[in-house]
Amino acid sequence: MSTVLESLNAGLHGAMEANESVYILGEDVLDPYGGAFKVTRGLSTAYPDRVITTPVSEAGFVGVATGLALSGLRPVVEIMFGDFVTLITDQVINGLSKYGWMYGGALEIPLVIRTPMGGRRGYGPTHSQTLEKLFLGVPGLRVLAPSAFTDPGGLLRAAIDDPGPVLFVENKLQYQRRLDDPAFSALETRVQVQEGYATAATVGVAGAPRPQLTIAAYGDMAERAAEAQLKMAYELEIFSELVALEQLDPLGPSGDLPRALADSLRQTGCLLTVEEGTHTHGWGAEVVARAVETSPQKLGIARVAAFDSPVPASRVLEASVLPDVDVIVGAAQKLVAALDG
Amino acid sequence: MSDAAARYRAMLRIRRFEETILDKFPTGVFHGTTHTYIGQEANAVGILDHIREGDSVFSNHRCHGHFLAYGGDMRGLFAELMGKATGICGGRGGSQHIHWRRFYSNGVLGSAIPVATGMGLAGRLRGDDDIVVVFMGDGAMGEGVIYEALNMAALWRAPVLYVVENNRIAQTTPIELAMAGSIPGRFEGFGVPALAIASSDVDEISLAASKAIAEVRDGGTPQALVIDTNRFAPHSKGDDTRPEEAIEALWATSCPIEIHASRLDPIQREQLAVEVAEEVSQAFAAALADPEPDVEMGAA
């Protein structure tokens, strides 16, 4: 039994053991604290010379890490809260995502920026956001999100081996999810390569009839979508296929959907995208656009996302803004009913 | 060639290159923009005299002089400004985003300072004695990420020489309207020693740079070299708002090539001038005849 957090931590330990060029930089990453969410726990004890605790200077240390990467090292940077990616935007967009390309294409920038996004902890408007959509569509940057259906630590190790820069989007609540969650024992999962080394997991209820609906999701919302999937199957007799994607960007080869998603859609003709970020201009909008552009059939379509609002601190208010299992079920029910009607 | 002649030639190459850019820009052979180094040639030549293989240089928007003094190819730089296939970055970067060997430049000014700091830190982590020289202007010092980088450089002993070419004007904004306090004080606040010099004499700058670079290399610590210098040409092209008399006064008192000229005999100067003019004109002609890039280079 292991959690997403343990898997990521083991991935970092494995990467540092395997390659002396791997360095960790971030705020409060040293033991005994081991990082605000403990993903880096134990690393500074095992590799004291290769774990560097930084001042509260997100833009600065991402720039420093870029310099390390340009010099042949493989830095892994932790941004303590995903909300703080706004501080590193210039380094990412005008710097590390371009250096390989704009200098003629021969340079490697093996740099991973890890950060936890997401709410439901009551941290309020500046510590609860899901902001990765701001970094989707940045040429030269790969954006990944681990999945409890596959191998979070393995994905992180592959990202560290990547010759190019990666934004690795974790989620605060996903950390405690189990990789072999007994709640999901009725689900069966097929894993295929999405693009490069990232995978797409196609998840369905074992023995269920042919799915009527495809759900596209990633990260913690993919796991919530799986809970919704079970609920729909047992309580509403709505059968769905969930495609949990690890790679947010590039989404698929040259304007296409990831193959697993296209395959599922061909069967269902009905797409529900699910994400924790705000609704407008979200990840789901691009997925839907590509589905419509590339699908030969007319599709039923709906999107689930957070309200276009800051994330409030109060438990009640926060829950009213962020999408949960019931919101996914409700949206799926409405979509399927509209198609049947 | 004597040191004096080599420095004269190096400055003249930069001057003639930049004059050619400004002269030919209106004909449409160059695409985009440019920021010339006319008036500041002694800085690049005096400082980069002291770097060696393994050292890295990070430059800014005003990078042509640094690149040529680093040893970069003139035809490749012309071609890059023309957007040709033979440009040093194949036409992707243009005037202010260039890379060759261990030379880099970026047109977002403060952004490069932490990256250069990381390059220096990498050398220390690997245990070699390579250093990094990074150039910035007084204008760049308005960007806060510089101060994050200086703090980390001092904390982590990154062997980096931070060169400030203080020409006291940021595009069109005079320093009095943009900077409070002193430039050396900004470094010293982080425990980074700053050597300040007001000179356009390549020999004086070279001497100061040799001291500063020795401190960085032997001491393994960051240092700053702040040079009061003068930009004779516009920020870019045709966007100079200073009165003509002020610019004429700069030419009369602080032209690095004129200051250095007295150290050479007139015959040698003339000979070097002819050689450099020929080199620049051949490099320009060769770049002009070079092919356009394959369009696949644009999106790959």
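I am working with a predicted model, in which local features need pLDDT of at least 70, side-chain atom pairs count only at pLDDT 80 or more, and totals for chains, interfaces and linings use all residues. Residues are numbered from 1 along each chain as its sequence is written, with chains lettered from A and ligands numbered from 1 in the order in which they are written.

**Sheet, chain A**

I looked up the strand order first. An open sheet of 6 strands runs β7-β8-β10-β9-β12-β13 in chain A, with mixed pairing. Helices (H or I, at least four residues) and strands (E, at least two) are DSSP runs, numbered from the N terminus. Strands pair if DSSP finds at least two bridges between them.

I then checked the edges. β7 (187-195) and β13 (300-306) of chain A each have a single partner strand, so one side of each lacks a neighbour in the sheet. On average, neighbouring strands are turned by 20 degrees against each other, direction ignored. Axes are lines fitted to C-alpha atoms, for helices over the stretch in contact; angles run from 0 to 180 degrees between N-to-C directions.

I followed one pair. β9 (213-217) and β10 (240-245) of chain A run parallel, joined by 5 bridges. Thr214(A) has Glu241(A) in β10(A) as its bridge partner.

Next, the helix. α8 (283-294) of chain A lies across β9, β12 (270-278) and β13, at about 160 degrees to β12(A).

**Contact between chains A and B**

I counted residues in contact (C-beta atoms, placed from the backbone, within 7 Å). Chain B gives 24 residues and chain A gives 24. On the chain B side, α5 (112-126) and α6 (145-156) each supply at least two. α5(B) has the largest share, 9 residues.

Terms used:
Two residues are in contact if their C-beta atoms, placed from the backbone, lie within 7 Å.
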